[in-house]
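Good morning, colleagues. Please turn to the structure on the screen.

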Amino acid sequence: MEITFELGYALDTFYFLICGALVMWMAAGFTMLEAGLVRAKNTTEILTKNVSLYAIACIMYMICGYDIMYGGGIFLDGLMADGATGVAEDPATYAPSADFFFQVVFVATAMSIVSGAVAERMKLWAFLAFAVVLTGFIYPMEGAWTWNGDDVFGMYNLGDNGFSDFAGSGIVHMAGAAAALAGVLLLGARKGKFGADGRVNAILGANLPLATLGTFILWMGWFGFNGGSVLATATVESANSVAIVFLNTNAAAAGGLVAALLLAHILFKKADLTMALNGALAGLVAITAEPSTPTALQATLFGALGGILVVLSIITLDKLKIDDPVGAISVHGVVGLLGLLLVPFTNDGSTFSGQLLGAATIFVWVFVTSFIVWSILKAVMGIRVSEEEEFEGVDISECGLEAYPDFTTKKS
């Protein structure tokens, strides 16, 4: 069946926008997940961080990020570039403005990963200052070397070296985790997380129903994240590809959750909900690098590998005294690397050497630049709240509001 250019353009543009809206809704998922996994006295601040970082990402990507990533321009070009606001001509299949919208919500996703890892002890304004740099420069640069498709600023394109990342296991998720790790290393652990004898003390979240809701929202939003990355749906071929991506995305999440739940039961003799939730997210991250070529069974197994790895990674990071309240570094970083390394098993257009090169490039660039920015912020304005503010809760010191005023106590 033939389809006219106008109708295909309209369908693909509409599909792109709907998928972008689903990915935007992932911001709510991250917010609810993190709000559920922090203590009650730190809830308002985590909510403020997430809603603010989304707005900052939208503005910075419009001003300069999109043009750095796809046009090679610099500051303010993004406001005036036809690529972001113009009308496409044949043979383009969707509106350029739809592409901008879809891309900008990915930037916000990368920054959301940082939020949970530094929760409960970082200054709000230091975090937001870092968000400006990550979304406006750090992320767009590594995106230019990967998804742009052309040599950018005279530098190589990783796609020419056997690197493939369909929807961003490395470009989005591992990048966000690398930025988070740099911040966590400079920030230090929460008070009471690690005992003087080396013992790891669990710090429980205040609202597990909210964390579960956040996970379901992320699970749903991921269909837009991966499905939208097909970039089309107006032909039989592209529609079939979208369906396969949806199927595999769902299968991987299910495999990740079940595997993490079973491993947690073996290790802890309990059905640990937080591990199950992180297992589902790990499965989603693992399949994101290539959801279009595996079979449904392979996708389930890849997700299960992610679920197993995330449990082991969370335990290992605790032993290394790296404090990540929500497991973001493990879910998005460690499993993001796994996702990249799984691609060559089903996609012969990639190579293991290319995947390793791409992973190393993304991690080194984001980690080093983030470490520099965090260090500057630490020297200029400080990045950690005082011990008293941490004890009282950052809701009061940073926001002047409590999320649960009828239930929160100073020692909660």
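Predicted model: local features only at pLDDT ≥ 70, side-chain atom pairs only at ≥ 80, totals over all residues.

Residues are numbered from 1 along each chain as its sequence is written, and side-chain values use heavy atoms, with hydrogens and water left out.

Consider helix α6 (residues 124–144) and helix α13 (residues 352–380), whose axes come within 10 Å and cross at roughly 150°. Helices here are DSSP runs of H or I with at least four residues, numbered from the N terminus; axes are lines fitted to C-alpha atoms over the stretch in contact, with angles from 0 to 180 degrees between N-to-C directions. The two helices are therefore roughly antiparallel, a term for angles over 145 degrees.

On the α6 side, the contact (heavy atoms within 4.5 Å) includes Phe-127, Phe-130 and Phe-137; on the α13 side, Trp-365 and Trp-374 are among the residues involved. By class, this contact has 14 nonpolar, two polar and one charged residues.

I turn now to the backbone. Most residues other than glycine have a negative phi. Glu-120, in the loop between α5 (96–117) and α6, has a positive phi near 80°. Glu-120 is buried (under 20% relative accessible area), at 2%. Leu-231, in the loop between α8 (208–227) and α9 (236–268), has a positive phi near 75°.

Conventions:
Parallel < 35°, antiparallel > 145°, perpendicular 65-115°, else oblique. Nonpolar A, V, L, I, M, F, W, Y, C, P; charged D, E, K, R; others polar. Buried < 20%, exposed > 50% of the residue type's maximum accessible area, 1.4 Å probe, protein only.
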